[in-house]
Amino acid sequence: MQSYPDELTYDLVGAASEVLELEPAAILEAFGEYWILYTAEEGYGEMLALSGSTLAEFLGNLNLLHERITNIMPQLKPPKFSTKEISENQVELTYESDRDGLTSMVVGLLRGLGKRFGKNCEINQTEFRADSGKDVLMFLGKKINFIIE
Ligand code: HEM
């Protein structure tokens, strides 16, 4: 329940990438999936269970989930998500963060969630925008859209 500098995360990914001879993106993606299937389940199982009984519902509650943590630790700057139902089996998820380079972790987290909900997910990144000046208070306004089928 303590915050730590972002540099630690990036340094760890860098070091793991060197030792394992894998691209940082592959490390982040594997970490994201593992975090959902193991870490979150072990550490925050109840919160996960309360955040939705379907994948779509869960994705729609991601902000609420992070807001709960921010209530306890107000110094956090969690990402912001929004969802749009494209069709019965397709959700568009928009991810906004003021941090760079964590998109691959989001792909891994989504993969983990797909497995958690027993869904065979296809995750396609559809857009990357870096229009700073938007939502400057909390976010630089980097938006990344995913279509999850
Ligand atoms: C019980 C479940 C969860 C808890 C307790 C939790 C909590 C947190 C916390 C404390 C941070 C760090 C924020 C900061 O230091 O500013 C964070 C970051 C993050 N969370 Fe969650 N989270 C949960 C689930 C999820 C899920 C399911 C996703 C799926 C998309 C997600 C996506 C992210 C991402 C991408 C970040 C990195 C920060 C960034 O992009 O700027 N989290 N979360």
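1. H66 belongs to helix α4, which covers residues 62-72. Please keep in mind that this is a predicted model.

2. On to the charged pairs: the structure holds six salt bridges. One of them joins D6 and R99, with the closest N and O atoms 2.8 Å apart. This pair links distant parts of the chain, D6 lying in helix α1 and R99 in the loop between β2 (90-97) and α5 (103-116), 93 residues apart. Both partners are partly exposed, D6 with a relative accessible area of 27% and R99 with 23%.

3. Helices α2 and α5 are worth a look together. R111 in α5 and E29 in α2 are 82 residues apart, and they form a salt bridge whose closest N and O atoms are 2.9 Å apart. R111 is partly exposed at 32%, and E29 is partly exposed at 25%.

4. A further salt bridge pairs E33 with K115, the closest N and O atoms being 2.6 Å apart. Here E33 sits in helix α2 and K115 in helix α5, 82 residues apart. E33 has 18% relative accessibility and so counts as buried, which means under 20%. K115, in contrast, is exposed, with a relative accessible area of 51%.

5. One backbone detail to check by eye: E21 is not a glycine, yet has a positive phi of about 55°. E21 is found in the loop between α1 (6-20) and α2 (24-50), and counts as exposed at 71% relative accessibility.

Terms used
Residues numbered from 1 in each chain as written. Predicted model: local features only at pLDDT ≥ 70, side-chain atom pairs only at ≥ 80, totals over all residues. Heavy atoms only, no water. Helix = DSSP H or I, 4+ residues; strand = E, 2+ residues; numbered from the N terminus. Buried < 20%, exposed > 50% of the residue type's maximum accessible area, 1.4 Å probe, protein only. Salt bridge = Lys/Arg side-chain N within 4 Å of Asp/Glu carboxyl O.
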